[in-house]
Amino acid sequence: MGKNYFTPEQVEELRKNKYVKNVSEKAITYTEEFKEVFLLEYNEGKLPSQILTEMGFDYKVLGERRVSNITQAVKRARHIAVLPYTQN
């Protein structure tokens, strides 16, 4: 399976997106806002490609593997319960 590096032009375009915290030719880091919005939209039943498009991304540029990784992270986050802190 080949690597899906971003071209310099793609890196510059991705940097303009408000949901991108950092991007290089090899990796992209999303903002916390991105994660929250993606999770809410995904929980409402939207497809990852639709969510990404609505958030200003070309999901084809991100590549199938990155989209899959985002989706898996969201699925894991759905199952994490936040328990209140109690002092003994």
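What should the twelve residues of helix α2 span at 1.5 Å a residue, and how far apart are its end C-alpha atoms? I'm working from a predicted model, where local features need pLDDT of at least 70, side-chain atom pairs count only at pLDDT 80 or more, and totals for chains, interfaces and linings use all residues. Numbering runs from 1 along each chain as its sequence is written, and side-chain values use heavy atoms, with hydrogens and water left out.

Entry 1, helix length. I took helices (H or I, at least four residues) and strands (E, at least two) as DSSP runs numbered from the N terminus. The expected span is 1.5 Å times one less than the number of residues. For α2, residues 32-43, that should be 16 Å, and the end C-alpha atoms are 17 Å apart, which agrees.

I called a residue buried under 20% relative accessible area, exposed over 50% and partly exposed in between (1.4 Å probe, protein chains only). Phe34, Phe38, Glu41 and Tyr42 are the buried ones in α2. Down the helix axis they fall within an arc of 100 degrees (directions from the axis to the C-beta atoms), so they line one face. Glu32, Glu36 and Leu40 are exposed on the face turned away from that buried side.

I found Ile70 in helix α5, residues 64-78, and it is buried at 10% relative accessible area. Skipping neighbours within four places in sequence, Ile70 has contacts (heavy atoms within 4.5 Å) with Tyr30, Phe34, Phe38 and Leu52. Ile70 and Tyr30 sit 40 residues apart in sequence and 9.7 Å apart in space, C-alpha to C-alpha.
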